[in-house]
Amino acid sequence: MMAARPRRWLRAAAAALLRIPGGCRGCHVGAAASLKREYDAVVIGAGHNGLVAAAYLQKGGLKTAVLERRHLVGGAAVTEEIIPGFRFSRASYLLSLLRPQIYSELELKAFPKYEAFMNRLVSAIDPLLDTCPLDVAGFSQGSLLQKLRALRGLRALIRAGFTLGKQLPQYYQVLTAPISKILDLWFESEPLKATLATDAVIGAMAGPHTPGSGYVLLHHVMGELEGRQGAWGYVAGGMGALSQALANAATALGAEIFTEKAVAQILLSSDGKAQGVCLQDGTEVKSRLVLSNASPQLTFLELTPQEQLPPEFVQRISQFDSRSPVTKINVAVDRLPDFRAAPNARDGCPLPHHQCSIHLNCEDIQLLHQAFEDACQGRPSSRPMIELCIPSALDPTLAPPGCHVVSLFTQYTPYTLAGGKQWDDREREDYADRVFDCVEAYAPGFKASVVGRDVLTPPDLERIFGLPGGNIFHGAMSLDQLYFARPVPSYSSYRSPVEGLYLCGSGAHPGGGVMGASGRNAARMALEDFKKL
């Protein structure tokens with residue numbers, strides 16, 4: 001099964017995969033009780049209209065019976081095994097026009113309730129992304145000024161609690177329980193649960209049964225695009241266009257940006273304060289503040305003189321979990337993938353599902369769990385989780401006419417293979433071939449359409465982009481590494497043990513994702529401190 005999720009809004013895919021809670025699973029009609037002689041109401045025919053009528057009657061307090069001619073309920077809206085092993089929607093085959101009042105009044109639609117539940121949690125957590133985490137040490141042991149600052153974080157937490165209200169225990173479960181447990185409470189459809197679960201494990205060395213995986217799902221639905229909560233989208237011209245726009249904004253304000261200037265060391269004064277950096281070519285650049293967008297490990301274990309850092313801090317940073325399961329494969333193809341579940345149009349133009357994120361090998365939660373287990377044993381997943389996107393379906397400027405770029409975000413691949421073996425060209429290409437075989441099963445002809453590919457394993461992501469362990473978040477988004485524990489307890493306010501040195505990347509609160517919050521928050525903190533220098 002192919003699960004397609006629109007980049008603009010999650011709801012559409014859920015509706016396509018939704019299985020109504022309480023739906024007949026073999027429905028042994030009449031087996032539990034014998035036909036009584038008297039009812040308040042009798043409905044002739046168990047077609048969908050008859051069933052709806054009966055439901056309203058019974059909800060209104062009338063003891064109701066439905067009498068159907070055939071051996072199963074549903075009238076024309078049925079599924080039948082006409083050919084052995086093949087189950088068909090034999091007559092009616094689409095659901096679209098059922099009145100919204102029926103969904104709400106008979107509580108048939110689970111998914112909008114789930115969305116509302118998650119949106120409330122988002123509304124509570126979202127303000128915390130733009131504030132400095134509560135400084136527990138400062139609040140309990142600091143100066144009066146530090147305690148006053150810490151109160152801001154405390155007030156934000158209290159407001160979040162009030163927003164959640166009486167449902168706080170249920171929301172606590174979302175943050176701490178495995179995502180599989182949370183989704184089991186809401187849905188029956190395995191493809192739907194597995195598709196939603198991908199957002200809870202994406203980029204994380206965690207499986208759907210890992211406690212706390214629910215937060216990563218929340219992190220991915222917390223975003224906003226053009227005023228639409230939870231929406232995702234492509235950047236015209238690719239993500240580099242966004243970075244260029246940010247650079248243009250900075251330079252327009254007077255900032256100067258230089259490329260090919262690698263930093264080798266953070267310079268400290270005799271009294272242990274940051275005073276600039278030294279480049280790899282030996283050039284020293286002095287400054288009163290240093291903000292590092294590098295990972296916590298690179299910043300504090302490689303760039304900062306170790307003797308100036310507390311041993312306990314160094315130990316915690318060295319233990320910061322940055323394992324990654326991700327291998328990203330960028331593919332150039334000479335034609336649009338043609339999926340079995342949704343064949344291409346005759347004119348070859350992209351269809352709506354080509355503009356979505358398409359989830360493969362996500363038929364059920366167990367598939368995701370097995371893929372995770374493979375990696376835990378040091379083996380790339382035999383049937384990896386794949387999120388396939390075709391941004392050129394919306395932005396034709398990304399490829400030559402008739403051609404497309406395909407992004408394959410795959411899991412799970414360990415950083416180090418079983419037996420301590422390192423990734424080499426053969427291992428890399430073997431894994432990519434396995435992924436392509438999986439895609440081919442859903443979209444025959446895919447492999448023949450490939451013009452070229454770029455395979456990035458966790459070590460490649462680390463080497464090229466500076467992502468520690470290949471982790472796209474600079475470190476795991478687990479509960480023990482979030483909020484006032486990111487990157488380590490007592491140093492979550494973007495400040496470091498070195499005065500004037502700040503962490504402003506994804507390794508700081510609120511974590512990974514192209515959101516800019518860490519940079520904005522760290523800059524505000526540094527500006528506040530700078531006024532006192």
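Visitor: Which kind of interaction do the side chains of aspartate 184 and lysine 193 form?

Guide: A salt bridge is a side-chain nitrogen of Lys or Arg within 4 Å of a carboxyl oxygen of Asp or Glu. The side chains of aspartate 184 and lysine 193 meet that rule, with an N to O distance of 2.7 Å. Please note that this is a predicted model, in which local features need pLDDT of at least 70 and side-chain atom pairs count only at pLDDT 80 or more, while totals for chains, interfaces and linings use all residues. Residues are numbered from 1 along each chain as its sequence is written, and side-chain values use heavy atoms, with hydrogens and water left out.

Visitor: Is lysine 193 buried or exposed?

Guide: Buried means under 20% relative accessible area, exposed means over 50%, and partly exposed lies in between (1.4 Å probe, protein chains only). Lysine 193 counts as buried because its relative accessibility is 5%. Aspartate 184, by contrast, is partly exposed, with a relative accessible area of 47%.

Visitor: With which glutamate does lysine 193 form a salt bridge?

Guide: The partner is glutamate 190, and the closest N and O atoms are 3.0 Å apart. Helices (H or I, at least four residues) and strands (E, at least two) are DSSP runs, numbered from the N terminus. Both lysine 193 and glutamate 190 lie in helix H9, three residues apart, which is about one turn of the helix. Glutamate 190 counts as partly exposed, at 31% relative accessibility.

Visitor: How many residues apart are glutamate 312 and arginine 316 in helix H13?

Guide: In helix H13 (residues 311-318) they are four residues apart, about one turn of the helix. Glutamate 312 counts as exposed, at 52% relative accessibility, and arginine 316 as partly exposed, at 38%.

Visitor: How many salt bridges are there by this rule?

Guide: The count comes to 19. A network of salt bridges links Asp425, Arg428, Asp460 and Arg463.

Visitor: Which residues touch the most other members of the largest nonpolar core?

Guide: A nonpolar core is a set of buried Ala, Val, Leu, Ile, Met, Phe, Trp, Tyr and Cys residues joined through side-chain atoms within 4.5 Å. In the largest one, which has 44 residues, Leu121 and Leu218 touch the most other members. Elements giving two or more residues to this core include helix H4 (111-125), helix H6 (144-164) and helix H14 (365-376). H4 gives the most, with seven residues. Contact means heavy atoms within 4.5 Å. Not counting residues up to four places away in sequence, leucine 218 touches Met118, Leu121, Val122, Ile125 and Leu175. There is also a second, separate core of 25 residues, with Leu360, Tyr431, Cys438 and Ala443 among them.

Visitor: What covers the buried residues of H14?

Guide: The cover includes H8, H9 and strand S14 (385-389). The buried residues of H14 include Ile365, Leu368, Phe372 and Asp374. The expected span of a helix is 1.5 Å times one less than its number of residues. The twelve residues of H14 should therefore span 16 Å, and the end C-alpha atoms are 17 Å apart, which agrees.

Visitor: Which residues form a nonpolar patch on the surface?

Guide: Patches are made of residues with over 30% relative accessible area and no salt bridge, like charges being joined within 9 Å and nonpolar side chains (Val, Leu, Ile, Met, Phe, Trp, Tyr) within 5 Å. Met239, Leu242, Leu246 and Val514 form such a nonpolar patch, with about 400 Å² of accessible area together. Accessible areas come from the Shrake-Rupley method with a 1.4 Å probe; for residues, only the protein chains shown count as cover. Methionine 239, in helix H11 (residues 239-252), is partly exposed at 44% relative accessible area.

Visitor: What does the chain contain in helices and strands?

Guide: The chain has 18 helices and 17 strands. Of its 533 residues, 43% are buried. Among contacts between residues at least 6 apart in sequence, 66% join residues at least 24 apart. The accessible surface of the chain comes to about 27,900 Å², and 56% of that belongs to carbon and sulfur atoms.
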